[in-house]
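Colleague: Please take me through this model one region at a time, and state the cut-offs as you go.

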Amino acid sequence: MRPVGESWQAGPFTLEVHRCYFISSNDLTNRADVPGWVAALARNGETEEDTRKAVTAILADVRRDGLKAVLDWTLRLDGVALDPAALRIPEAALQTARADLDRRQPNLMAALREMIANVRRFAEGQRGCLRDLELPLPGGGTVGERWCPLKTAGVYIPGGRAFYPSTLAMTVIPAQVAGVGRIVGVTPPKPQPTLPGAWGVDPLVLACAAELGLTELYPFGGAQALAWLAYGEPAVDLVAGPGNRFVAEAKRQLIGTCGIDALAGPTELLVLADGTADPAWLAEDLLAQAEHDPDAAAVLVSADRALFKAVEAELQTRVAASPRRAILEQSLGAHGRLVCAERDLAIALAQAWAPEHLELCVGDPEAWLPALTTAGAVFIGSASAEAFGDYGAGPNHVLPTGRSARYTSPLGVATFLKRQSLLRLSAADAAAMAPWVEKLAEAEGLTHHGRSAGLRGHHHP
């Protein structure tokens, strides 16, 4: 470990470790350096190659050997010997978990229901905005499109370092509102037993599943879970949900076999702040993302150096007292940054990185917002902590990462729908269109396209 205060070169910029030995403090002074910054925030290429190879092997095994391979990899990676005759978590376990939670922790159950209601309200609002289209043609026909729900969808609920009932709600509710016919949930098992037949799955996840009405939940995790959803009996149309780099890589490799929501890997947060922000709030926001995973990235950008010193002091104190200290030190040490940059460079960095989460902890957030278009989700104003988004204010917390937010949207109802185009011509419409369609087909050398259209054009019922 480098001593406090030492500086060293890393690409186009200089890193200086100050008060917090586990997070770097840096200056960004030149727009030409922004690509280097974005590259520095990426995951290690060697690690990515190792991940790719491992996932490729798992997917190949499951495609070849089916459920047997899933069970073998679960034993190898999770240390759980699953019984192939009793894989599906019984509905009795789901209902028992909900009843127990209602009785023992009514306030927690109430919070769970509040989250579910907010997420469902938002999803229903989304569905209301997705309208079918029908445009009239001169001859009485129509052209248009309609939204059709997928038949099957698989949802992944992370459960490696912690269980996430919030993610269960975020993935299942939009699928339900979309009208998906069959929703299959998967989540990693644990060696420690919980309820009978539940394979160590946390009772809060089970209670949430019961409250949502999800009846298909299986104890599979990691790349083998996604492989089973795609290649196994469910043969889902789409897999959705966040996960670690192995889950994200499995989704990447499954594109073409089934659809995916996005490449939602380890979490990312970029906070843009000024002197109006509270250092304690900023520190906790950074820690809230860093505690997810050692691969998580939490970055604070400001032009206020005094703010940095205050945030560094808050981080030092809070990490030292945290029960999640080990993860925090790993993630902040590897991917955390405190970046000193003026407003225009802060915006340029945000636009180039396209982070999963973007917080605007500035005095005039609405003035910043129009220029910030690439992030997955934006939290506007200091009161709008990203944690509210994680726990059900309404918008979905399953978001694209790894710069894919430039072109991919948050998970939502539209994720579980497909658009189908519709063409309904009258004889008069066909007769009017046929001459120019024939000309275009002839120009492209597609003889039978022209003849097909011409037959309709010359037909007079």
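Modeller: One term is needed at the outset: a residue is buried if its relative accessible area is under 20%, exposed if over 50%, and partly exposed in between (1.4 Å probe, protein chains only). The model is predicted, so local features need pLDDT of at least 70 and side-chain atom pairs pLDDT 80 or more, while totals for chains, interfaces and linings use all residues. Residues are numbered from 1 along each chain as its sequence is written, and side-chain values use heavy atoms, without hydrogens and water.

Colleague: Is Ala-178 buried or exposed?

Modeller: Ala-178 has a relative accessible area of 6%, so it counts as buried.

Colleague: Where is Ala-178 found?

Modeller: Ala-178 belongs to helix α6, residues 165–178. Helices (H or I, at least four residues) and strands (E, at least two) are DSSP runs, numbered from the N terminus.

Colleague: Which residues is Ala-178 in contact with, leaving aside its neighbours within four places in sequence?

Modeller: They are Pro-149, Val-413, Phe-416 and Leu-417, contact being heavy atoms within 4.5 Å. Val-413 lies 235 residues away along the chain, yet its C-alpha atom is 5.4 Å from that of Ala-178.

Colleague: Let us move to α7. How many of its residues are buried?

Modeller: Seven of the 10 residues in α7 (203–212) are buried, and the helix is mostly covered. The buried set consists of Val-205, Leu-206, Ala-207, Cys-208, Ala-209, Ala-210 and Leu-212.

Colleague: What covers the buried residues of α7?

Modeller: The cover includes α4 (91–104), α5 (106–129), α6 and β8 (217–218). After α7 comes Gly-213, with a positive phi near 85°.

Colleague: And α17, which of its residues are buried?

Modeller: In α17 (residues 447–457), Gly-450, Ala-453, Gly-454 and Gly-457 are buried. Viewed down the helix axis, these buried residues of α17 fall within an arc of 105°, so they line one face; the arc is taken over the directions from the axis to the C-beta atoms. Residues three or four places apart point the same way because an α-helix has 3.6 residues a turn.

Colleague: What do the buried residues of α17 pack against, and which residues are exposed on the other side?

Modeller: The buried residues pack against α16 (427–443). His-448, Arg-451, Leu-455 and Arg-456 are exposed on the other side of α17.

Colleague: Turning to the strands, how many bridges join β4 to β5?

Modeller: Four bridges link β4 (133–136) with β5 (142–149), and the two run antiparallel. Strands count as paired if DSSP finds at least two bridges between them. Leu-135 has Val-143 in β5 as its bridge partner. The two strands make a hairpin with five residues between them, and Gly-140 in the turn has a positive phi of about 105°.

Colleague: How many bridges join β5 to β16?

Modeller: Eight bridges join β5 to β16 (417–424), again in an antiparallel arrangement. Lys-418 in β16 stands opposite Cys-148.

Colleague: In what order do the strands of the five-stranded open sheet come?

Modeller: The order is β8-β7-β6-β9-β10, with parallel pairing. β8 and β10 (259–260) are the edge strands, each pairing on one side only.

Colleague: How many bridges join β7 to β8?

Modeller: Two bridges join β7 (182–186) to β8, in parallel. Val-186 is the bridge partner of Tyr-218 in β8.
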